[in-house]
Amino acid sequence: MKKLLSIKNIIISLLLLLGVWQFIYTLTDFSDALFPSPLQAFGALAEMVSNGILFTHIGASMYRFAVGYVSSVIIAVLLGLVLGRLPKVFQYINPAVQLLRPISPMAWMPFIVLWFGIGNIPAIVIIFISAFFPVLLSTVSAVNSIDPIYMKVSKSFGIKQPQIMWKVIFPAVFPQIANSIHLALGTAWVFLVAGEMTGTQSGLGYLVIDARNNLRADILFADIIVIGLIGLILDSLLKTAEKQILKAWGGAD
Amino acid sequence: MYIEIENAGKAFFQNGREFTAFTDVSLSIEKGEFICLLGPSGCGKSTLLNAMAGFAPVTSGSIKIDGKEVKEPSVKNVTIFQNYGLLPWRTVQKNVELGLESQKIPKDERRKIADKYIEMVGLSDFKKSHPRQLSGGMQQRVSIARALAVNPDIIFMDEPFGALDAITRMKLQDDILSISRKEKKTIILVTHDIEEAVFLADRIVIMTANPGKIKNILTVPLRSHRERTAGDFLQVRDKVFELFNMKHEENIEYII
Ligand SMILES: Nc1ncnc2c1ncn2[C@@H]1O[C@H](COP(=O)(O)OP(=O)(O)O)[C@@H](O)[C@H]1O
Ligand SMILES: [Mg+2]
């Protein structure tokens, strides 16, 4: 029942958005090449679905996203677990991290293209960077604030490294880092599109540039809709996974 | 002697200042004894227990168990904490198996041992539950089962029933007393509850604060079956009150 209600809310909300779009379209007199109607955009969407172009681009984007995001989260969590246990080391690393963190990953783009050439790598690196720092920092701080009783219990029962890491520390901090892993998904998705606007010849981000170059505002809008939809789906998939995992964890705090 | 504490002291250094948590503590404990460390909060009970358990060794004097100086926690001894220290992401069953996992005991064997102790603490119907689904008293039972499962020589307990309501606390005191008789473990229990100490202990180590030290060691002249309302029990309790100078002889009106 709750689920049905939320589906109803989503449908109403999306209809409202389409309404606003149609309203602006009828009210203003941009040419259709500059501002297409919802109908024209859905026409372009249907066109790209039927000739299969859309799925090629989605496939390319999803591949880069999966590689960049998953590797970033895994490395950030592992590094965070280790650095969290080594505060003496982390105090020398933290200032550098704080310096690098506020830099938009896009600022590195020229270097990335120069170093790695064009293709999949630039977008993957951009996604990697965008997810990396938030997950790293939240993991370190979660490990730092771990309840000391867990360490005492581990010692009392003779649990040593490395078991203590995956048997006790990781599960103990997981509920706290799950949230940052979730937030990083959204950030990484935002930067996927940016990352694909240069250095590639495929993907949903490339499609933005391609549509602009061909003066196809309808394709551009269709692309934007797809980007939004996939972002929404990824987010809700992760939300569901997060809930399931936290349930297995014995319920969230 | 099994546990030998000689002139032990513990000082903390904070902001360049030295603070003495306890000093001049000497105490000998025999195997199988039930010892209660009793005293007001801040008298160094937990610090002394932590030193005996090896979490934070003493800074002067020595603590020896079985002839060996205590430097770090030993797998032969386990500690039960006031806030249980259960791993919330593990079921009751998996929590009880925790200590067995590092002993390279095969899976089936672990299950059997865990089942035995879960049954002993009366939680067989909750094996698959997570700690959060249990009451405080039940959680502490899980942690008792987890401690017993590794068949320790010594069980250290730091105010294990301090967070429980009075009735649950008495129920658990009954259980721990009967378990201690059955399993013949050496148990060192920290408490600030006089009745608890009188109910459980073979000997009560009475501590005072500023600086923490032993004021008295009282052998409890009661048998293994104890009644909280029996005359001899109340006599011992009165004696402890007296030792704390908390018994007022003057005009106190009793309305019963
Ligand atoms: N790690 C520590 N650093 C500094 N002081 C401490 C530390 N642990 C305990 N103390 C101090 O030592 C004294 C005794 O503490 P504790 O052993 O916990 O007392 P109790 O368990 O009897 O209430 C307290 O005054 C406490 O503030
Ligand atoms: Mg204490």
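Here are legends for a few close-up views of this structure, which is a predicted model.

**View 1. Chain A as a whole is built from helices.** Start here to get your bearings: chain A has ten helices and zero strands. Follow the chain from its N terminus and the elements read α-α-α-α-α-α-α-α-α-α. Taken along the principal axes, the box filled by the C-alpha atoms of chain A comes to roughly 75 × 55 × 30 Å.

**View 2. Helices α7 and α8 of chain A pack together.** Here α7(A) covers residues 148-156, and α8(A) covers residues 163-196. Their axes sit 10 Å apart, and the packing angle is about 160°. Angles over 145 degrees count as roughly antiparallel, so α7(A) and α8(A) are roughly antiparallel to each other. As for handedness, the crossing of this pair, α7(A) and α8(A), is right-handed.

**View 3. Further along chain A, α9 meets α10.** This pair is made of α9(A), residues 204-213, and α10(A), residues 217-248. The two axes come within 9 Å and cross at roughly 165°. That makes α9(A) and α10(A) roughly antiparallel too. Look at how they pass, though: the crossing of α9(A) and α10(A) is left-handed.

**View 4. Ligand 1 sits among residues of chain B.** The residues around ligand 1 include F12(B), Q14(B), F19(B) and A21(B), along with P40(B), S41(B), G42(B) and C43(B). Also in this shell are G44(B), K45(B), S46(B) and T47(B). Sorted by class, the shell has five nonpolar residues, six polar ones and one charged one.

**View 5. Oxygen atoms of ligand 1 meet G44, S46 and T47 of chain B.** Zoom in on the contacts. At G44(B), a backbone N or O atom lies 3.1 Å from an oxygen atom of ligand 1. S46(B) uses its side chain instead: an N or O atom there is 2.7 Å from an oxygen atom of ligand 1. For T47(B), an N or O atom of the side chain is 2.4 Å from a ligand 1 oxygen atom. On its own, ligand 1 would expose 560 Å², and the protein buries 64% of that.

View 6. The largest share, three residues, comes from α1(B).

Notes. Residues are numbered from 1 along each chain as its sequence is written. Chains are lettered from A and ligands numbered from 1 in the order in which they are written. This is a predicted model: local features need pLDDT of at least 70, side-chain atom pairs count only at pLDDT 80 or more; totals for chains, interfaces and linings use all residues. Side-chain values use heavy atoms; hydrogens and water are left out. A residue is near a molecule or strand if one of its heavy atoms lies within 4 Å of it. A polar contact is a pair of N or O atoms within 3.5 Å; within protein, one must be able to donate a hydrogen and the other to accept it, and residues adjacent in sequence count only if both atoms are side-chain atoms. Accessible areas come from the Shrake-Rupley method with a 1.4 Å probe; for residues, only the protein chains shown count as cover. Helices (H or I, at least four residues) and strands (E, at least two) are DSSP runs, numbered from the N terminus. Ala, Val, Leu, Ile, Met, Phe, Trp, Tyr, Cys and Pro count as nonpolar, Asp, Glu, Lys and Arg as charged, and the others, Gly among them, as polar. Axes are lines fitted to C-alpha atoms, for helices over the stretch in contact, and angles run from 0 to 180 degrees between N-to-C directions. Angles under 35 degrees count as roughly parallel, over 145 as roughly antiparallel, 65 to 115 as roughly perpendicular and the rest as oblique. A crossing is left-handed if the near helix is turned anticlockwise from the far one by less than a right angle, and right-handed if clockwise.
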